[in-house]
Amino acid sequence: MPTVKVCNLDNKPLLDLEISSLLSEQELNSTLIWEAVHEYRARGRRGTVATKTRGDVSGSGKKLWKQKGTGRARISSLRSPLWKGGGNVHGPQPRDWSYSLPRKKRWKAIAVAFAERLREGAVVVVDDLTLSSHKTKLFRSKLQALGLINHKVLILDSTENKNLVLATRNLQGTKLLDSLGVNIYDLLLHERILISQRALGVLTECVSRILPE
């Protein structure tokens, strides 16, 4: 199995860790990644845009002049789409844009994206992300030591790590996700991935349960 170096938050190497082939040897599949990103973004669409039909526009329903004999165009109502200020025909209405990608395809895309980030050298594995304080300044110094301070960083660890949650929420360019909540969009959006050894084990277990070896 391929290995990755594990260091501490002071960037001191500790050991070489074997990574499952499910997370390290996946071939790049651009089509699958596109499908997973498209589904993720569709789930995030609000779908609240709306236009007024003739039934929603305020105004009288009275026929303003008689049908024939005036020399003018016939009219039924001011709310008709044919007239200025009338309703809209076939305009957008509130809808749910989300749809569900098969679970195996979604996790396969995550595994492919993670493997590609590994090949790029964009994944930093640390033994533990436990902090002695919730101060943002402390965690910023740790990112500085790891060489991640000038990058957009995705941090994968348990969200029950309260000091880490508080230290990262005001730090621009970083985002903390639980290892169970990892998604394809953030894996691709961020330039570097900082993951704890425990979170890597959880991610490996999730992928191995769903995808065959």
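**Ground rules.** I number residues from 1 along each chain as its sequence is written, and my side-chain values use heavy atoms, with hydrogens and water left out. Because the model is predicted, local features need pLDDT of at least 70 and side-chain atom pairs count only at pLDDT 80 or more, while totals for chains, interfaces and linings use all residues.

I found 6 strands in an open sheet, ordered 2-1-3-6-4-5, with mixed pairing. The edge strands are strand 2 (13-18) and strand 5, each pairing on one side only. From one strand to the next the twist averages 30°. For the terms, strands (E, at least two residues) and helices (H or I, at least four residues) are DSSP runs numbered from the N terminus, and two strands pair if DSSP finds at least two bridges between them. I note that strands of a sheet pair through backbone hydrogen bonds, either parallel or antiparallel.

**Strand pairs.** Strand 1 and strand 2 run antiparallel and are joined by 5 bridges. Strand 1 and strand 3 run parallel, with 2 bridges. I checked V6 on both sides: V6 stands opposite L15 in strand 2 and opposite V125 in strand 3. Strand 3 also pairs with strand 6, in the parallel sense, over 4 bridges. There V126 has S196 of strand 6 as its bridge partner.

**Strand 3 side chains.** V123 and V125 point one way, V124 and V126 the other way, and all are buried. Buried means under 20% relative accessible area, exposed over 50%, and partly exposed in between (1.4 Å probe, protein chains only).

**Helix 4.** Which residues of helix 4 are buried? In helix 4 (residues 136-146) I list F139, K142, L143 and L146. Seen down the helix axis, these buried residues fall within an arc of 100°, so they line one face of helix 4. The arc is taken from the directions from the helix axis to the C-beta atoms. Their cover includes strand 1 (3-7), strand 3 (123-126), strand 4 (153-156), helix 5 (162-168), strand 5 (174-177) and strand 6 (192-196). Contact here means heavy atoms within 4.5 Å. Just after helix 4, G147 takes a positive phi of about 75°.

**Helices across the sheet.** Helix 4 runs at about 110° to strand 6. Helix 7 (residues 197-210) runs at about 95° to strand 6 and lies across strand 1, strand 2, strand 3, strand 4 and strand 6. Axes are lines fitted to C-alpha atoms, for helices over the stretch in contact, and angles run from 0 to 180 degrees between N-to-C directions.

**Helix 2 and helix 3.** Helix 2 (residues 30-44) packs on helix 3 (residues 103-119) at about 115°, with the axes 9 Å apart. On the helix 2 side I list L32, I33, E35, A36, E39 and R43, which meet K105, R106, K108, A109 and V112 in helix 3.

**Loop residues.** R169 and T136 are 33 residues apart in sequence and 8.3 Å apart in space, C-alpha to C-alpha. W97 sits in the loop between helix 2 and helix 3. W97 counts as partly exposed, at 30% relative accessibility. Not counting residues up to four places away in sequence, W97 touches A42, R45 and G47.
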